[in-house]
Amino acid sequence: MIPMVDTKSDLKLYEKEILKEVAAVIRSGEYILGPKSKKIEEKIAEYVGVKYALGLASGTDAITLGLKALGIGEGDEVITTPFTFFATAESIAHVGAKPVFADIEEETFNIDPKEIITKITNKTKAIIVVHLFGLAANMDEIMKIAKQHGLYVIEDACQALGTRYKGKMAGSIGDIGCFSFYPTKNLGACGDAGMLTTNSLELKSKIIQLRNHGSEERYIHNTVGINSRLDEIQAAILLVKLKYFEELLDKRNSIAKTYYSGLKNILKLPEYIQSREHTYHQYSFRVEKRERFMEFLKEKGISSMIYYPIPLHLQKAFSHLNYQKGDFPKTEKISDEIISLPLYPTLSKTLQQYIINTVVEFINNQ
């Protein structure tokens, strides 16, 4: 079976180097927030184009602690998309604020700025923008709306390290950027890991405390925080992988172009938007008769995946928000039709063509 992601074959690209660095960390006796963690923070800050990057235990913690650092909590509202992974809105709930959803653009699957405007109230404090599947949202319009209404902007770039919007890196445009290094991400650790980026010294200081039980100095606790510290082994792994990251993004882009070339005449595919460089964390598109299509792919030995079959406004965990089916028609339509094909740097040209031929066979037989 051709997998959606092949972490084992990806690892072989730099396995010896990673094992060497991991062994060095183990021998060093420094396992939490040591020199490797500091170095990956510096490297990510430089890569994203911000002053500060702070290593955390996950991308989810980056969003949650980002909200806390901005002072968002009980009684506040945060606008975000209903078409994203659960963690985006979960983080809002964790700080005691209310997730408020706004519908998406059908073409990009990202939050629609025009819909954001309709959701702003006097309780709104921030917008969480998700750069879904590695494609940037319309940041010009979103930043303009935020400025007009005095709102913070948090970029959930957990799927979008390396994504650019008009030359600027995702995670460098809003007040805070949030990244995940979950193993299947474009830059993945061998476990959970995350990063928060900002240009604010004040926010940097708050995050340093919040990630370490509210303490910047041992046994002195200025606030209530959590334990969300990047460990040295994951930092060492990320440092190795980051050296090859742009090369691997090029390979992802090449595969996406091959898919587009082979399927553009029979399917509505994600189009290249010149001002928004896609990093293709997922290669997702819409298809009719999705269940039959997925079964056909499975019979041919090809994995596929649905991201995300149940929009957040219809999840049981958010039933208290009283959203109903039909509230976000574009999101609901796309969630019923979207599907993703395998895409990872080591996917061979032979397998790419086999996947294309299989999709063409299915469509032609309808």
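Surface patches are made of residues with over 30% relative accessible area and no salt bridge, with nonpolar side chains joined within 5 Å. In the structure examined here, which is a predicted model, Ile26, Tyr31, Ile32 and Leu33 make a nonpolar surface patch of about 350 Å². One of these residues, Tyr31, is located in the loop that lies between α2 (15-28) and α3 (35-48). The relative accessibility of Tyr31 is 42%, and this residue therefore counts as partly exposed.

A further loop, between α11 (290-299) and α12 (329-337), holds His313. With a relative accessibility of 2%, His313 counts as buried, since buried means under 20% relative accessible area. Its side chain makes a polar contact of 2.8 Å with the side chain of Glu332. When neighbours within four places in sequence are left aside, the residues in contact with His313 are Pro82, Phe101, Tyr323, Gln324, Asp327, Phe328, Thr331 and Glu332.

Three strands form an open sheet in the order β7-β6-β12, and their pairing is antiparallel. Strand β6 (residues 164-165) runs antiparallel to β7 and is joined to β7 by two bridges. Within this pairing, Tyr165 has Lys168 of β7 as its bridge partner.

Notes:
Residues are numbered from 1 along each chain as its sequence is written. This is a predicted model: local features need pLDDT of at least 70, side-chain atom pairs count only at pLDDT 80 or more; totals for chains, interfaces and linings use all residues. Side-chain values use heavy atoms; hydrogens and water are left out. Two strands pair if DSSP finds at least two bridges between them. Helices (H or I, at least four residues) and strands (E, at least two) are DSSP runs, numbered from the N terminus. Patches are made of residues with over 30% relative accessible area and no salt bridge: like charges are joined within 9 Å, nonpolar side chains (Val, Leu, Ile, Met, Phe, Trp, Tyr) within 5 Å. Accessible areas come from the Shrake-Rupley method with a 1.4 Å probe; for residues, only the protein chains shown count as cover. A salt bridge is a side-chain nitrogen of Lys or Arg within 4 Å of a carboxyl oxygen of Asp or Glu. Buried means under 20% relative accessible area, exposed over 50%, partly exposed in between (1.4 Å probe, protein chains only). A polar contact is a pair of N or O atoms within 3.5 Å; within protein, one must be able to donate a hydrogen and the other to accept it, and residues adjacent in sequence count only if both atoms are side-chain atoms. Contact means heavy atoms within 4.5 Å.
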